[in-house]
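Keep the 3D view open as you read.

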Protein chains: 4
Amino acid sequence: MRAVLIDLARARAIVDRALAHARSNDFPPMTVAVFDTAARLVAFAGEDGSSLLRERIARGKAHGALNMGVGSRALAARAASDPDFVNALVALAEGNLVPVPGGVLIRDENGDLIGAVGVSGHLPDDDEACAIHAITGCGLRADPGT
Amino acid sequence: MRAVLIDLARARAIVDRALAHARSNDFPPMTVAVFDTAARLVAFAGEDGSSLLRERIARGKAHGALNMGVGSRALAARAASDPDFVNALVALAEGNLVPVPGGVLIRDENGDLIGAVGVSGHLPDDDEACAIHAITGCGLRADPGT
Amino acid sequence: MRAVLIDLARARAIVDRALAHARSNDFPPMTVAVFDTAARLVAFAGEDGSSLLRERIARGKAHGALNMGVGSRALAARAASDPDFVNALVALAEGNLVPVPGGVLIRDENGDLIGAVGVSGHLPDDDEACAIHAITGCGLRADPGT
Amino acid sequence: MRAVLIDLARARAIVDRALAHARSNDFPPMTVAVFDTAARLVAFAGEDGSSLLRERIARGKAHGALNMGVGSRALAARAASDPDFVNALVALAEGNLVPVPGGVLIRDENGDLIGAVGVSGHLPDDDEACAIHAITGCGLRADPGT
């Protein structure tokens, strides 16, 4: 089975674009984490003043998306309709599944999964907007879940 | 006290039949795990493209069934009526209790418990259907919980 | 970055060949686990009579090889020369790094890493022989570490 | 009490310089993590082909340095002279203390602690050389431990 993994150059470009989006919108300090499909952290930046749990939240959004194969917006919807199941998933994943928007799957030009980005720092919709803006700005496809 | 444990040959036959059911119904990538009554993993298969947490979910369904002595459908019903109790069980089991259908107890011709199978990959009812189809196709009794 | 992941068909063939090697040599009950490069369990079999920790040992050998990018024989050598470092790695990996032979990297025809197999049940050299026999019998390259 | 925390701009500069040193010396794939004095991850990069545990090792070197207030080379020396104590520290830190060179404290112009960098991918001395080169190249002081 062939797979494509996001490389460091593209992962760093996603981080840069996500932070640029946050700065141009005057968001609070933002944390951005990019993972490959093995949930291996590839690139990360935490802006000055980020609170202590931000890394874990950004990681949990992205890792959760990879854990389940859907963007974290879909996990938020599932949590609303079936909270016990999602609570069980959170326990299984030892927290590496945060069911709010902002964990966005990264797909290449062919639609193949190559990684995920997690963003935390502001409102979930704003966090997700940073991720989508960054992914599409790099010529890749953003899959935030529905 | 005598106990019968599912053997490797029958565990692998259950995996094969569960996957065959999934393929004949065009389900997404499916993960199937068969445990004996000591919660020892006996046979396992994860189809190509399975997301990262699927093993843990399949395990949590089957292991949860063995942990409580009922199929995971019964745990889903209990979670609906008494969520705090089931959340406490999830914590006690360190996640190895996923209260949704798809964790099915395996009983022999005499009704004695010999193991459990957990299936994850599609909707809970479909996951459970793979498990029941596989167990009964091997001449054993499926106990999915009520 | 392109990657190849071992698929279910080849993973199951490796399990079958490892068990066949064990049976033809009259080894004790053997446990075999095949992982892809994301450390996702793909195929598994535990022979009748396997003791309770065998899954975790087989997993720890293979996962440890993937964690460090070398076969577990190399981790055994490192443990002999630098036990404190390897103890720290074991803690970091929460046990998913067992520094004895029997965790063998699987490489394809081009030498690219596609997964790992872990075997446990008999002496480490015998466990490793099952893994190497199985991998090479499938036309792949075994990298046990040196 | 005043404290200075490394900021994102300098943390990213350290990552860049550490990777540049690794590339100019043709090291294997390298992982670099920079933390502030609260052990908050600030910047991170994992080169293509890094094995699965590299993030945790780089983190454990840097985090261990911050945990004990000395560069990880000093923890390696302590492990050699008093392995039981260091093993106990590793357990206390839940693995976040890797007693080998490559976790280097970052001090500012006044000698005040502002963070730590952890590097993993090659031999410990080479990993540490990347860290020292990067810190001093940014006009800061590297404290690797003795």
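Start with chain A and chain D: their contact (heavy atoms within 4.5 Å) takes 21 residues from chain A and 21 residues from chain D. A word on ground rules: this is a predicted model, where local features need pLDDT of at least 70 and side-chain atom pairs count only at pLDDT 80 or more, while totals for chains, interfaces and linings use all residues. Residues are numbered from 1 along each chain as its sequence is written, chains are lettered from A and ligands numbered from 1 in the order in which they are written, and side-chain values use heavy atoms, with hydrogens and water left out.

How much area is buried between chain A and chain D? About 1600 Å², with carbon and sulfur atoms giving 48% of that; buried area here is the accessible area (1.4 Å probe) that two parts lose on being put together, summed over both. On the chain A side, A:R12, A:R40 and A:F44 supply 30% of the area that chain A buries against chain D, more than any other three residues.

A:R12 turns up again in a salt bridge with D:D16, the closest N and O atoms being 2.8 Å apart. Across this interface the rule (a side-chain nitrogen of Lys or Arg within 4 Å of a carboxyl oxygen of Asp or Glu) finds four salt bridges.

Which elements of chain A give two or more residues to the side that touches chain D? They are helix 1 (8-24), strand 3 (41-46) and helix 2 (54-68); helices (H or I, at least four residues) and strands (E, at least two) are DSSP runs, numbered from the N terminus. Strand 3 of chain A gives the largest share, six residues.

That strand also reaches across: strand 3 of chain A and strand 2 (residues 41-46) of chain D pair in the antiparallel sense over three bridges, where pairing takes at least two DSSP bridges between the strands. For example, A:A43 has D:A45 as its bridge partner.

Now over to chains B and C. Here 10 strands form an open sheet with antiparallel pairing, in the order 5(B)-3(B)-4(B)-1(B)-2(B)-3(C)-2(C)-5(C)-4(C)-6(C). Strand 5 (141-143) of chain B and strand 6 (141-143) of chain C stand at the edges, each with a single partner strand, so one side of each is left without a neighbour in the sheet.

Zoom in on chain B: strand 1 (residues 31-36) and strand 2 (residues 41-46) pair in the antiparallel sense over five bridges. One of the residues to look for is B:T31, whose bridge partner in strand 2 is B:G46.
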